[in-house]
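This report covers selected residues, their surroundings and their charge pairs. The sequence and model come first.

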Amino acid sequence: YDFISARIGIQPFNADFRGFLSLDANLGVRLLGNFNNNHYQYNLAFFDNLEKDTRSEFNTFSRRDQQFFIANLYREDLIWRGFTNLFSIAYLRDSGDLRFDENDFLVRPTAFGDAVENELNVVYLGWASNGHIGRLNISHQLYLAFGEDRDNPFTGEKVDIFGYLAALELSVDFDWLRPKISFFYSSGDGDPTDDNARGFDVLIDKPNFAGGGFSYWQRQGFRLLSTGLNQRESLIPNLRSSKIEGQPNFVNPGLLLLNAGLDVEVTPKLRTFVNLNYLRFNETSPLELFLQQPDIDNSIGVDASLGVFYRPFLNNNVIVIAGVAAFEPLDGFKDILTESTLFQGFINLVLTY
C-alpha cells in the first residue's frame with residue numbers, strides 16, 4: 001500500500017545512500033511517503049539545527065541558527081531491476097554567529113584569516129544510485145554545490161561557491177567474497193585569494209565508503225593549528241574548525257581517493273573488511289596560504305585497514321565492531337605534519353534492548 005506520513009521532532013536523517021552530505025539526528029519536520037507500488041519514495045524535510053555538546057556530540061537545548069532543507073525522490077528499478085536512483089535538492093543556511101566550544105576554543109567563526117562572522121547560503125544538487133546491473137554492484141554519488149559565503153576567512157570578502165563531489169564503487173559477488181574498487185573526488189580551490197570558492201564541503205557527514213570508520217584517515221582526522229585538516233569520520237580535507245560546531249568551508253584542498261577492497265562473509269555471524277586507499281590533495285594552495293609554507297606536495301599517503309563486524313546471536317542485540325589500520329605518509333603529509341607511520345586499533349561493543 002502507498003502511504004504518506006509526517007514526523008516532527010528530533011529525528012535521524014541520512015541525505016543519501018552513503019552518508020556523504022548529512023547524516024545526523026536533529027530537530028526537524030519531515031514529510032515522507034511512497035507511491036506507484038513503492039517504485040517511488042520521497043522526503044521533504046526541514047531541520048532547524050540545535051547546537052552540539054563539544055565532548056559527547058549530543059544535541060543541546062540551544063538553537064544554532066542553522067537551517068537545512070532537503071527534497072529527494074527515490075526511483076526503484078530504474079531501467080534495470082534492482083537498480084535504485086536518488087535525485088535530491090538541498091539548501092543550507094548558516095548564520096555563522098559567534099561560538100566558543102566547551103573547552104573555550106573559538107569554533108565560529110574560524111580562528112584564522114579574517115575571523116569575522118559570516119553567513120553561508122548553499123544549494124546542493126545530487127544524483128546517486130545504489131543497486132546492481134546483472135552481477136555488477138554499483139553505488140555512485142554526484143553533488144554540485146553553489147551559493148555564496150558572505151565573508152570567507154581566506155579572502156575577507158564575499159566569495160561565490162561552486163564545488164562538486166563524485167564517488168563511485170563497483171563490486172562483484174563471488175559466493176562469500178566481494179572484491180571492490182572505489183573512486184572519490186571532491187573539488188579543491190586552486191586560488192584561495194580570489195572571489196570564487198571552488199572547493200566542496202558538506203554539513204555533517206559520515207561516509208560508509210572506502211573502508212569507512214575502519215580507515216585511519218576517516219576515523220582519526222588530523223589537526224592543523226587552530227583548525228582541522230580533515231574532521232573525524234569525514235573524508236574531505238576542509239580546513240574547518242569543527243565538524244559539529246564549525247561552519248562548512250569551501251576554500252579547501254579537495255581530495256582524490258583510490259580504493260581497492262575485499263568484503264568477506266566468513267560466517268553468518270562474522271564479516272570482515274579489508275581496504276587499501278591512496279589519498280592525494282587536488283590543490284595545495286589553501287594549505288600553503290594557511291600554513292605560510294610554499295611547495296607542499298599533493299600526495300597524502302597510503303591507508304590500509306582491516307575491520308571485523310561480529311553478531312554472536314545472529315541479531316542486532318549484541319554487535320562487536322573492531323579494526324586495525326596503518327597510515328603511511330607520503331611527501332605532502334610529511335611536509336605539513338609527520339614522516340612517521342601511524343597506527344590505530346579499536347573495539348566497539350553495541351548493546352540494544
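Is F69 buried or exposed, or does F69 count as partly exposed? F69 counts as partly exposed because its relative accessibility is 35%, where buried means under 20% relative accessible area, exposed over 50%, and partly exposed in between (1.4 Å probe, protein chains only).

## Basis

This is a predicted model, in which local features need pLDDT of at least 70 and side-chain atom pairs count only at pLDDT 80 or more, while totals for chains, interfaces and linings use all residues. Residues are numbered from 1 along each chain as its sequence is written, and side-chain values use heavy atoms, with hydrogens and water left out.

## Strand residues

F69 lies in strand β4, residues 59-75; strands (E, at least two residues) and helices (H or I, at least four) are DSSP runs numbered from the N terminus.

T84 is in strand β5, residues 83-94. T84 counts as buried because its relative accessibility is 15%. Beyond four places in sequence, T84 is in contact (heavy atoms within 4.5 Å) with residues including F17, Y74 and A128.

## D53 and its loop

D53 sits in the loop between β3 (40-52) and β4, and is buried because its relative accessible area is 17%. Leaving out residues up to four places away, D53 touches F58, T60, E102 and I244. I244 is 191 residues from D53 in sequence, yet their C-alpha atoms are 8.5 Å apart. The D53 side chain also reaches the backbone nitrogen of R55 at 3.1 Å.

## Salt bridges

A salt bridge is a side-chain nitrogen of Lys or Arg within 4 Å of a carboxyl oxygen of Asp or Glu. By this rule the count is 21. One of them joins R55 to E102, with the closest N and O atoms 2.8 Å apart. This pair links distant parts of the chain, 47 residues apart: R55 is in the loop between β3 and β4, and E102 in the loop between β6 (99-100) and β7 (106-108). R55 counts as exposed because its relative accessibility is 56%, whereas E102 is partly exposed at 35%.

R178 pairs with D173 at 2.7 Å between the closest N and O atoms. R178 is partly exposed at 29% relative accessible area, and D173 is partly exposed at 31%.

K243 forms a salt bridge with D205 at 3.7 Å; K243 and D205 are both buried. Salt bridges with shared partners join E51, D97, R99, R108 and E245 into one network.

Terms used
Polar contact = N/O pair within 3.5 Å; in protein donor to acceptor, adjacent residues only side chain to side chain.
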